[in-house]
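Biologist: I'd like a close look at one part of this model, told as a connected story. Please give me the cut-offs as you go.

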Amino acid sequence: MKICYYPGCTLKTKAKDLDVYARKSAEALGVEMEEIENWQCCGAVYPMARDEIATKLSAVRALDYAKHHGGKLLTLCSACHNVIKRTNEDMRSDANISLKANNYLKLDEPYKGETQVVHYLEMLKNEVGFDKIREKVVRPLNRKVGAYYGCLLLRPSGVMAFDNPENPTILEDFIRAIGGTPVVYPFRNECCGAYVALKNADLPKKRSEKVLESAREKGAEEVITACPLCLYNLQANGGGILPVRYFTELLAEALGVKE
C-alpha cells in the first residue's frame with residue numbers, strides 16, 4: 001500500500017525519532033509512505049480568525065497534491081494533523097474560505113476538501129489492522145504503558161472525529177497489539193500546558209507533573225504520545241516522573257526494526 005505523507009517541520013528537526021520509527025515500522029508492515037513534493041510548514045496552529053486565509057494555503061497545497069495522488073494524506077505530528085484536517089473541513093464546508101484560497105492558489109481545478117486526512121494511528125487501525133500488527137510483533141513489550149493523547153488529536157471532536165474525546169481507546173488498543181498492557185489514567189487526554197509555556201512557565205510544569213504522576217499512580221512504567229510539543233513539555237517539565245516516548249518508537253521496538 002502506498003500513501004501520500006506529510007511529515008511537517010518538527011519531524012525533520014527536533015522530532016526525527018517520531019518520523020524515522022514511523023517509516024521503518026510502515027515498511028515492515030507493507031506500507032510505503034511517499035513524502036509529498038514541496039511541502040511547506042502547516043502553520044503549527046490553526047488560525048481561529050474566520051478571515052485568515054494566508055496561513056492555511058500551505059495545508060491546501062498539500063491536500064490538493066494528495067487529491068491527485070491517491071486521495072489520502074497521511075499525517076503523524078498531532079499539530080500538523082489538527083491544522084490540516086481542520087483546514088480541509090474549511091475547504092469543504094466554508095464557501096468564503098474555499099473561494100479565497102482557490103482564487104489565490106489558482107489551481108488547475110478548485111480544491112473543495114476531497115482528500116481524506118488520515119493520522120498514522122488511524123492508518124494502523126483501519127488500513128493495516130491491529131490484528132496484523134499483532135502477528136508481526138517479534139518483541140512484545142511486556143510492560144505497562146500509559147497513553148497520552150493531549151488536546152490536538154481529539155479536539156474539536158466534531159471535526160477531528162479521531163476518537164471519543166472523553167474516553168479514547170485507539171492508543172490503548174495499539175499498546176495491546178504490540179504486546180503491552182495499557183494503563184488508563186485520569187489525565188491522559190488533558191492539556192499538558194505546552195502552549196502557554198512562554199507566558200507562564202509554572203503552569204506547564206504543574207500540568208505535566210500532574211499528567212505523569214496520574215499515570216504512575218495507576219501503574220504505568222512509561223508514557224507514549226504522538227505530539228512533539230507534548231513530548232518536549234512532558235520531558236522538560238515533568239520532573240522525570242516517567243520516561244516519555246513517541247508511540248512509533250515502541251512500534252519499531254515491537255516489530256524488531258528499532259536499531
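Modeller: What follows is a walk through the sheet, the core beside it and one of the loops. This is a predicted model, with local features needing pLDDT of at least 70 and side-chain atom pairs pLDDT 80 or more, while totals for chains, interfaces and linings use all residues. Residues count from 1 along each chain as its sequence is written, and side-chain values use heavy atoms, with hydrogens and water left out.

Start with the sheet. Four strands make up an open, parallel sheet in the order E2-E1-E3-E4. Helices (H or I, at least four residues) and strands (E, at least two) are DSSP runs numbered from the N terminus, and strands pair if DSSP finds at least two bridges between them. The edges are E2 and E4 (116–119), each pairing on one side only. On average, neighbouring strands are turned by 40° against each other, direction ignored. Inside the sheet, E1 and E3 (residues 72–75) run parallel and are joined by two bridges; Tyr-5 has Leu-74 of E3 as its bridge partner.

Now for the helices. H2 lies across E1, E3 and E4, at about 130° to E3. H5 (residues 120–128) lies across E2, E3 and E4, at about 95° to E4. Axes are lines fitted to C-alpha atoms, for helices over the stretch in contact, and angles run from 0 to 180 degrees between N-to-C directions. Contact here means heavy atoms within 4.5 Å.

In one of them, the ring centres of Tyr-6 and Trp-39 are 5.6 Å apart with planes at 65°, so the pair is edge-to-face. Tyr-6 sits in the loop between E1 (2–5) and H1 (16–28), and Trp-39 in the loop between E2 (32–35) and H2, 33 residues apart. For Phe, Tyr and Trp (its six-membered ring), centres must lie within 6.5 Å; planes under 30 degrees apart are stacked, over 60 edge-to-face, the rest tilted. Ring pairs also link Tyr-120, Phe-174 and Phe-247 into a cluster.

Last stop, the loop between E2 and H2. Most residues other than glycine have a negative phi. Asn-38, in this loop, has a positive phi of about 55°, and its 72% relative accessibility makes it exposed. Ala-44 also lies in this loop, with phi near 75°; at 38% relative accessibility, Ala-44 is partly exposed. Pro-47 is found in this loop too, but counts as buried at 14% relative accessibility. Ignoring neighbours within four places in sequence, Pro-47 contacts Glu-52, Thr-55 and Lys-56.

Conventions: Buried means under 20% relative accessible area, exposed over 50%, partly exposed in between (1.4 Å probe, protein chains only).
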